[in-house]
Amino acid sequence: MNDVGVHQGFFTLKNFAETAVDLQVGRQEIVLDGHRLLGNTLWTQGAQSHDAIRLTHAHDNATYVYGFSKGTEGGKFGSVVMSGESGAANAGDTDDVNSHVFWANYKGINGGDLSLYHVILDNESTPNGGTMMTTGFRHKGKMYGLDYRAEYYYQYGQAGAYDNSTATSTGFSGAYTGSRPEFDAFLAAIRVGKTFKNVMWSPTVTLWYDYLSGTDDDDIKNGRWGTFHTLFDTGHKFYGLIDNYLHAVGNNTANLGLQDVAIKFKIKPRAGWVAKADFHHFMTAVNPGAQANIYTNGSTALSGASDNDFGQELDLTVAHNYNANVKVTAGYSHYWATQTFGDVQARAKTTGSDDADWFYVNTKVKF
């Protein structure tokens, strides 16, 4: 049954217990840095929040955060929204999903900000629960007139509930050497941009590359799960505005991982106006030809035409700040699909999957 929910409702105690720590308790968004691992999904109506306790300490150029989030109270992992917005029947504490977030940010490091992450996602579901840990860094700054961002996150621990268990028998030609595969996954990303401030319309050109690791037969045979889990990210910011690749556990890529090579342009034709054009080329991270079958929404065999090319996407966006409280955004996107895209997204035809077009208008009003 659908009913009215609360997106955010929390209280904050400054300098809790006469310490230099702020305590925030209740349902709340947890957004860190650029939404890569922890975000609120931005423009969607079902923006992500957490039933959480958050501790924050700031001193000089450093900020430290610890967050505990009750992601699921009972219910099998994947059957409910991880933020706790909704849930299945309570199956007891043995099916809880809890997360622990440790984050540190240091300003003024090599001309920018350095963030360190350690995130523990603890799934107690039976019988295939697991504890996944994500450790890494993000560095963003300016150097030699260029804006840059570099990120790397490594995942390890017991996969358990986080892998696609049906892949052990139907998704891949191999079989796990044990019943509890180990995580061995990573995300690496780099962005370099240049703004030409002394040129008309102040154009910005950005080069972008994301690599999210995937799983192949060798991983399965050696008891590993190699598909990177994007945790609580806002994938809409990174993997194309049509949102073909948002599934956290990798189902949208059939667990083959994702490479995103992009070039982005931005101009400011007049005050209060911004126009953008982003072009993405998506590819798998592992060779799909190595697998006899690929797990998607079932067991889908790749066609002979499949390769590592997922296709291309063009995103055109125009935004106007009408005044301080009203912003209007309009956009058009086109996706050039491939046979591999059709196979892994369960949209395959004998001649390949159709292209896609998308148009939207969004108005944001502050009260």
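Select D243 to begin: it is partly exposed, with a relative accessible area of 22% (buried is under 20%, exposed over 50% and partly exposed in between, with a 1.4 Å probe and protein chains only). You will find D243 in the loop between β11 (224-225) and β12 (258-267); strands are DSSP runs of E with at least two residues, helices are runs of H or I with at least four, and both are numbered from the N terminus. The phi of D243 is near 70 degrees, a positive value in a residue other than glycine.

A word on what is on your screen: this is a predicted model, where local features need pLDDT of at least 70 and side-chain atom pairs count only at pLDDT 80 or more, while totals for chains, interfaces and linings use all residues. Residues are numbered from 1 along each chain as its sequence is written, and side-chain values use heavy atoms, with hydrogens and water left out.

Now move to N255, which also lies in the loop between β11 and β12. Its phi is positive too, about 65 degrees, although N255 is not a glycine. Is N255 buried or exposed? With a relative accessible area of 0%, N255 is buried.

Next, show the aromatic rings. The whole structure holds 15 aromatic pairs, where rings of Phe, Tyr and Trp (its six-membered ring) pair if their centres lie within 6.5 Å, and planes under 30 degrees apart count as stacked, over 60 as edge-to-face and the rest as tilted. One of them joins F238 and Y239, a tilted pair with 5.9 Å centre to centre and 45 degrees between the planes. Both F238 and Y239 are buried.

Then select Y245 and F310. Their ring centres are 5.6 Å apart and their planes are at 45 degrees, so this pair is tilted. It links distant parts of the chain, with Y245 in the loop between β11 and β12 and F310 in strand β16 (residues 309-321), 65 residues apart. Y245 counts as buried at 6% relative accessibility, and F310 is buried at 0%.

The search finds 1 cavity of 30 Å³ or more; on a 1 Å grid over the protein atoms alone, a cavity is a set of points where a 1.4 Å probe fits but cannot get out, a pocket is an open set with protein on both sides within 12 Å along at least five of seven lines, and lining residues have an atom within 4 Å of a point. The largest cavity has about 150 Å³ of space, the volume being that filled by probe spheres set on grid points joined across faces, edges and corners. Of its 16 lining residues, L212, Y245, H247, G250 and T253 are the closest to its centre.

For the largest pocket, go to L42, K237, L241, K276 and K327, the closest to its centre of 45 lining residues. Its volume is about 1500 Å³. Which strand gives the most to this lining? That is β16, with 6 residues.

Last stop: W208, where K264 lies over the ring face at 3.5 Å from the ring centre (NZ of Lys or CZ of Arg must be within 6 Å of the centre and within 35 degrees of the ring normal). Zoom out to see the protein chain with its 2 helices and 18 strands.
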